[in-house]
Amino acid sequence: MTQHLTAEDPTAASTPGTAPEWWRDAVIYQVYPRSFADGDGDGMGDLRGIRARLPHLAELGVDAVWLSPFYASPQADAGYDVADYRAIDPMFGELKDADALIEEAHVLGLRVIVDLVPNHSSDQHEWFQRALREGPGSPVRERYHFRPGRGEAGALPPNDWESVFGGPAWTRTENPDGSPGEWYLHLFAPEQPDFNWEHPAVRDEFRTILRFWLDRGVDGFRIDVAHGMVKAPGLPDVGAPSHLRLLGHGELPFFDQDGVHEIYRDWRRLLSEYGPDRIAVAEAWTHSPERTARYLRPGELHQAFNFHYLDTPWDAEALREVIDASLTSTRAVQAPSTWVLSNHDVVRHRTRLGGLAQARAATLLMLALPGSAYVYQGEELGLPEHTELPDGLRQDPSFFRGDGQEGLRDGCRVPLPWSGDGPSLGFGTSEGWLPQPADWAELSVEAQTGRAGSTLELYREALRLRRAHPALGAGDAVRWLEAPPGVLAFRREGPDGQALVCTVNTTDEPRELGRSHGEPLLHSGPHDGGTVLPPHSTSWWSTR
């Protein structure tokens, strides 16, 4: 049964000792601030808009909200290029708006997790600007990765590393006198220079940033590029072209280095000073669930995103394999598994998995698994990817660079539809920063609220049952049951002999289960309650 706060205790979210392991089975909702709700009518989502829509999340039944970056930033990568980690970007509001949002969320029983971007800063960060002004030999340059070039006159990058966004991971600077200068490392856009985490000033700075936000009442941090902060000594060549194809599949000298774990042990001690209920979550791309679990060893981080599950196709055999691997690896380090289907960097799962039926079925499977689940804004509405955005409107930096990510992340970042009318379907009083498809009016919160069978009402009921049923929520194992080809069936045990069975048909044809699995609780689509499982559907059954 999911642990959660109650609105009757508005201080619970920031009071040490209250539900100290709430994160083991929490459902956490990701808000992408640009696209959630516009509170001032300028077409861009903001903190006031988010605060006004928090009741939607409380009614939905989630336990916490994770906010993507809202810090002061030139927005070269939608806020993941931070110029000031203690200030709010004016497009999102002011620091007092963040304080009010945190307070209001706690009143509603919602915890607040904020994004932290420690791998790199903006090139407009005061440290980096000072490093450029002072030139080679400046001690501030040691806080980043500045290096002389190779080849004649240093005209070639210091090594062969590639940017995730395409092209080399190095950009050459110009010296104060106008001559060609050193190169600096940026694993992402040139506007995002990588910090040197071997430098004590960097570590000290981020300790103070953590305390700044913890003192304001946040309940945890999602750590961006948690696998990238430490680089291999000497910054060695990879030795292979197009080596980013190894991302998540092999070893690279700039990702998943063992030195990151010392940083997280230090952060865990700091978090513990604020009580047992403050958490940190790793965005860690690794080549195996076992490597991901290393971030969750006792004394390190609390959760890590399960990208191996997110990347799994809608196939029963593949899903069972990744579920088993995930549970086995996290159980070994006494940590919860996490499950996620969509986020701000990937194609929405309705589109990726092949349709709304698959998306709804995948959601019920995810919410039945033991551990914590993540919901990306708009998936509770069944939103598809926006695949027809004009090139001239796109803002994803990787869209403008070759050989990196596909550059089409804008399609999952389109503003949410809250109602069926207005220039941005209730998102704000003006047109949104990206246009919405016209048929999204039928998918709005207003259109789906109270409508039997709608995706929104399915999510609300699933989350209600997840809180109420004793066999759902926290745990570290499932018991697989016999099932026809293309079908998953597993049992979860609760106290006093109560249990839940989840059956999932990933095929295009109906599948006969052969026997009843108990009292039907919830179906992802039309179902007569019998033993035949419709195509692309999931059912929950209560039993003993």
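Mentor: This is a predicted model. Start with helix H6: Val260, His261, Ile263, Tyr264, Asp266, Trp267, Leu270 and Leu271 are buried.
Trainee: How should I read spacing along a helix?
Mentor: An α-helix has 3.6 residues a turn, so residues three or four places apart point the same way.
Trainee: What covers the buried residues of H6?
Mentor: The cover includes strand E5 (111-116), helix H5 (200-215), strand E9 (220-223) and strand E10 (279-282).
Trainee: What span should the 13 residues of H6 have?
Mentor: At 1.5 Å a residue, H6 (residues 260-272) should span 18 Å. Its end C-alpha atoms lie 19 Å apart, so the two values agree.
Trainee: How far does H9 reach from its first C-alpha to its last?
Mentor: H9 (residues 316-332) reaches 24 Å, close to the 24 Å expected for its 17 residues. Its buried residues include Leu319, Val322, Ile323 and Leu327. The buried residues of H9 pack against several elements, among them helix H11 (356-368) and strand E15 (487-493).
Trainee: What happens at the start of H9?
Mentor: A side-chain oxygen of aspartate 315 comes to within 3.2 Å of the backbone nitrogen of glutamate 317. After H9 comes glutamine 334, with a positive phi near 60°.
Trainee: Now the sheet. What is the order of the three strands?
Mentor: The order is E6-E8-E7, an open sheet with antiparallel pairing. Strands E6 (146-147) and E7 (170-174) are the edges, each pairing on one side only.
Trainee: How many bridges join E7 and E8?
Mentor: Four, in the antiparallel sense. Threonine 171 stands opposite tyrosine 184 in E8.

Notes. Residues are numbered from 1 along each chain as its sequence is written. This is a predicted model: local features need pLDDT of at least 70, side-chain atom pairs count only at pLDDT 80 or more; totals for chains, interfaces and linings use all residues. Side-chain values use heavy atoms; hydrogens and water are left out. Helices (H or I, at least four residues) and strands (E, at least two) are DSSP runs, numbered from the N terminus. The expected span of a helix is 1.5 Å times one less than its number of residues. Buried means under 20% relative accessible area, exposed over 50%, partly exposed in between (1.4 Å probe, protein chains only). Contact means heavy atoms within 4.5 Å. Two strands pair if DSSP finds at least two bridges between them. A polar contact is a pair of N or O atoms within 3.5 Å; within protein, one must be able to donate a hydrogen and the other to accept it, and residues adjacent in sequence count only if both atoms are side-chain atoms.
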